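Visitor: Can you walk me through this one? Keep it quick.

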Amino acid sequence: MRAVDIIAKKRDGDALTREEIDFFIQGFTRGEIPDYQAAAWAMAVYLRGMTNEETIALTLAMAHSGKVLDLSSVAPRVLDKHSSGGVGDKTTIVVAPLIASLGLPVGKMSGRGLGFSGGTLDKLESIPGFRADLDTDAFIAQLRQHGIVVSGQTHDLAPADGKLYALRDVTGTVASLPLIASSIMSKKIAAGAQIIVLDVKVGHGAFMKTDAQATALAELMVQIGRGVGRSVAAIISDMNQPLGDAVGNALEVIEAIETLKGRGPADFAEHCLEVASQMLVLAQAARDEADARAKLGAALADGRALQKFAEWIEGQGGTARVMDDYSLLPRARWVEPIAAPRDGFIAGIDAQAVGLTVMDLGGGRAQKGDAIDYAVGVVFCRKVGAHVTRGEPLFTLHANDRAKFDAARVRLLAAYEFSDTAPPPLPLIHQIIR
Ligand code: URA
């Protein structure tokens, strides 16, 4: 078999066999198939798609490109959640300690920023000292000791996805249903959690732009997970405007901590509670959603969730004091409010434009291996549905470069749509697939 023939077969729109997919993924993982061939192949998959059988074969090949953890010796049931990628999505930073504070272990292999969407690991790494590069032994030790771990792909867990993910980020091959489904599910299978809630984003700021695409992605991932004996549910949630108010790595960490303190933006707090409730119900740790909400509310109110956050961050080498002192996080040189250019209702905020703007400020990568500027980003003061008067602050921009600040200001203002009449409210949750 030759990699070039497999690329050409996919380029011509034919379905690959399981053997061909295994050959390609194994060769890529070992470094025998170079990045340029893998990038060409990813583009062929992006343009031609895959059958469900091919996607399942790709998922299993990537999951088995390294170790597949068996966590049964650590805990009978480990929980996990995963987002398909959005703008301002810092849900894991709230939900993981919230669930773990109820005594349910959370073990999660997470990702970095991808295209215009942010990545949980990049956000967490804005906390001084935080280590997201645990090896398998450290992953298991952290889970055993603290009941919570969030780490990146190591060389031994789904390494094929780690390599492909970094290539996709910089080759315009992110928004592909088979590549997203296999990327997410290979990590989930390799990291060993038995109970998984998938948060599939839909809208301008998501890779899936329509409900039909999001539903297809969610159903395929649920099918893959159940096929390997995991309990999986999926939430399809709205990404037509950024989630919460903050977009940008350190800014999102602050917002997540505020949410754990019960002071987060209403849309983001509600989203976290919905994801966490689905996890509790799926794990049969709550009778129903109302019971789940009561348990989660208590863990937030009495400080258990925040205390678990501190334990988690310290366990992974980070400075938990950030939760009392945000000045320990990187802060941008220019932080300025930007005023509304007119009176009216905010009818839309193009989340993808926001994500791309934060990337251009330095908050994401343009090339594989680029350094991230953790401090930059935007904090919205008013979102869709709000009425604003001209001159009132619309958002605060955080930048480390004046020219980039000016460009971002123009671009963000252009991302707003105003109307003279109140727009219909945006839903938070579109559908739940159990
Ligand atoms: N999250 C992932 O882990 N992979 C993707 O491809 C998209 C989002």
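Guide: The protein is divided into domain 1 (3-49), domain 2 (71-323) and domain 3 (329-419). Those bounds come from an automatic or database domain assignment. This is a predicted model: local features need pLDDT of at least 70, side-chain atom pairs count only at pLDDT 80 or more, and totals for chains, interfaces and linings use all residues. Residues are numbered from 1 along each chain as its sequence is written, and side-chain values use heavy atoms, with hydrogens and water left out.

Visitor: How far apart are the centres of domain 1 and domain 3?

Guide: Their C-alpha centres lie 38 Å apart.

Visitor: OK, aromatics. How many pairs does a search of the whole structure find?

Guide: Seven aromatic pairs turn up. Rings of Phe, Tyr and Trp (its six-membered ring) pair if their centres lie within 6.5 Å; planes under 30 degrees apart are stacked, over 60 edge-to-face, and the rest tilted. Phe24 and Trp41 have ring centres 4.9 Å apart and planes at 25°, so this pair is stacked.

Visitor: Where in the chain do Phe24 and Trp41 sit?

Guide: Phe24 is in helix α2 (residues 18-30) and Trp41 in helix α3, 17 residues apart, so the pair links distant parts of the chain. Helices (H or I, at least four residues) and strands (E, at least two) are DSSP runs, numbered from the N terminus.

Visitor: Is Phe24 buried or exposed? And Trp41?

Guide: Phe24 is buried, at 1% relative accessibility. Trp41 is buried too, at 1%. Buried means under 20% relative accessible area, exposed over 50%, and partly exposed in between (1.4 Å probe, protein chains only).

Visitor: What about Tyr416 and Phe418?

Guide: Their ring centres are 5.8 Å apart and their planes at 15°, so that pair is stacked. Tyr416 is buried at 8% relative accessible area. Phe418 is buried at 17%.

Visitor: Which residues do ring pairs link into a cluster?

Guide: Phe380, Phe395, Tyr416 and Phe418.

Visitor: Which lysines lie over ring faces?

Guide: Lys90 lies over the face of Phe268, 4.8 Å from the ring centre. Lys163 lies over the face of Phe28, at 4.5 Å. The test: NZ of Lys or CZ of Arg within 6 Å of the ring centre and within 35 degrees of the ring normal.

Visitor: Switching to the surface. Which residues make the nonpolar patch?

Guide: Met43, Tyr46 and Leu47 make a patch of about 280 Å². Patch residues have over 30% relative accessible area and no salt bridge; like charges are joined within 9 Å, nonpolar side chains (Val, Leu, Ile, Met, Phe, Trp, Tyr) within 5 Å. A salt bridge is a side-chain nitrogen of Lys or Arg within 4 Å of a carboxyl oxygen of Asp or Glu.

Visitor: Tell me about Leu47. Buried or exposed?

Guide: Leu47 is exposed, with a relative accessible area of 64%. It lies in helix α3 (residues 35-48).

Visitor: Backbone next. What is the phi of Ala158?

Guide: It is positive, about 40°, although Ala158 is not a glycine. Ala158 is in the loop between β3 (148-151) and α8 (159-169). At 0% relative accessibility, Ala158 is buried.

Visitor: And Gln284, what phi there?

Guide: Near 55°, again positive in a residue other than glycine. Gln284 lies in the loop between α12 (266-282) and α13 (289-301). Gln284 is exposed, at 71% relative accessibility.

Visitor: Last one. Where is Gly355?

Guide: In helix α15 (residues 351-363). Gly355 is buried, with a relative accessible area of 4%. Its C-alpha is separated by 19 Å from that of Ser110, 245 residues apart along the chain.

Technical notes. Areas by Shrake-Rupley, 256 points an atom, 1.4 Å probe, with all protein chains shown as cover.
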